[in-house]
Structures are given as structure tokens and as C-alpha cells.
Amino acid sequence: MEDSIASTLQDQLAQALKAIYQEHLQLQAGLDYSSLAKLINEINSADKIFLMGMGRSGLMMKASAMRLMHLGYQTYVVGETTTPAIGQGDLLITGSGSGTTTSIVRAAATSKEAGARNLCFTTAIESELARLSDQVIVLPAAQKQEQKEQLSTQYAGSLFEQALLLVFDSTIQVLWKSGGSSTSELWKRHANLE
């Protein structure tokens, strides 16, 4: 009996993972790679780079900030106590599926007033965040408020959050390979107070 239950759970896990992979393949086919190429240009031309998201999207943005730091960029996570003021020549990168998260929209408005450039990842091209952004990267995923299963069978904004990490990691990979740094050079910037 226990073997039967374990086998059923294994099958369910395999099917769930396969479904998630399929959703990412569909999302990948709908990406605008020219907007991603512009992200690379924005990163390379910025003095300082600030990243922001809330909830699980915020965790993905923190992971991306860490990777940019490993590549040698001057990178900050908005909301941390050591994050300086943003100004002209800087770049704010935000991630918000809905594009309406109040604190993120407010940060984008402040960034714009300070003369920095704004780039956002979102599912909502008509959102307030998108309007405040100089560059918009649309991730064709369901918003967390959408309960329909047309774009994703996963709960809430899971597909958006996963795609945020994967798309940013692909950007990091291109930046790394084009920058010519070795793995050992990047490792020197890895945290050593853990």
C-alpha cells in the first residue's frame, strides 16, 4: 500500500515538474529578445544599479542583484539600510507582475524625478509602472490575481516569479561571457562572512 502511494506521489511530482517546464517553454517563445538586449545595454551604461521587487518577486530581484555584484557591478537592493540615494546616471530595475505594487510604483516615480533610468519586468504593459519606465520587459505570464489557467496552472504569480529569475540569469550569463571574467575572479567577490 505504501509503495503504491509513493509511486502515485512520484508520478504527480514528475507531471507537475513537466507542466512547469512546458509553461516556461511557452513563455520563452513569447519573449521579446530585443528588449532583453536593451537590458544589457542599460546595465553596462549605468553608474549604480538598484533592484527592487516585493514578496517572491523581491527574492528573485535580490538573487539578480547578487549575481550583478559578482560580475563587478555597483549594485544595491532597494530597502536595505546601506542602499544610497539614486541619481542621474543610475538605473532602477524593478519586478512587478501587476505593475501596480504601490511601493514599487512610488520608487519608480522617485527614480525618474532623480534623473535615473527605469527598467521594469512585468506582465502588464499598460500599468503605471510600465508608464514610468524607460524600458519594459514583458514576461508573458499570469498575474498573481488571475485565477484562470490560460497562461499558467500554477498558483498566483509563480510563473512570473520563476521567469524573472531565469530571464535575469540568462542576462547574467551573457554579461559574464562577454565580460571575459573567469570563475575564480567572480568567486573573489563571493561573500566570505557566511
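Predicted model: local features only at pLDDT ≥ 70, side-chain atom pairs only at ≥ 80, totals over all residues.

Me: How is the aromatic pair of Phe121 and Phe168 classed: stacked, edge-to-face or tilted?

Reply: It's one of two aromatic pairs in the structure. The centres of Phe121 and Phe168 are 5.7 Å apart, with 45° between the planes. Stacked needs under 30 degrees and edge-to-face over 60, so this pair comes out as tilted.

Me: How many residues apart in sequence are the parts that this pair ties together?

Reply: Phe121 is in strand E4 (residues 117-122), while Phe168 is in helix H6 (residues 158-179). Phe121 is buried at 0% relative accessible area, and Phe168 is buried at 0% too. The pair therefore ties together parts that are 47 residues apart.

Me: Is Thr94 buried or exposed?

Reply: Thr94 is in strand E3 (residues 91-95). Beyond four places in sequence, the residues Thr94 touches include Met52, Leu119 and Phe121. Its relative accessibility is 2%, and the cut-off for buried is under 20%, so Thr94 counts as buried.

Me: What is the C-alpha to C-alpha distance between Ile172 and Ser64?

Reply: Ile172 is in helix H6 and is buried, at 8% relative accessible area. Its contacts beyond four places in sequence are Ser64, Arg67, Leu68 and Leu71. Ile172 and Ser64 are 108 residues apart in sequence, and their C-alpha distance is 8.0 Å.

Note on methods:
Residues numbered from 1 in each chain as written. Heavy atoms only, no water. Phe/Tyr/Trp six-rings, centres within 6.5 Å; stacked < 30°, edge-to-face > 60°. Helix = DSSP H or I, 4+ residues; strand = E, 2+ residues; numbered from the N terminus. Buried < 20%, exposed > 50% of the residue type's maximum accessible area, 1.4 Å probe, protein only. Contact = heavy atoms within 4.5 Å.
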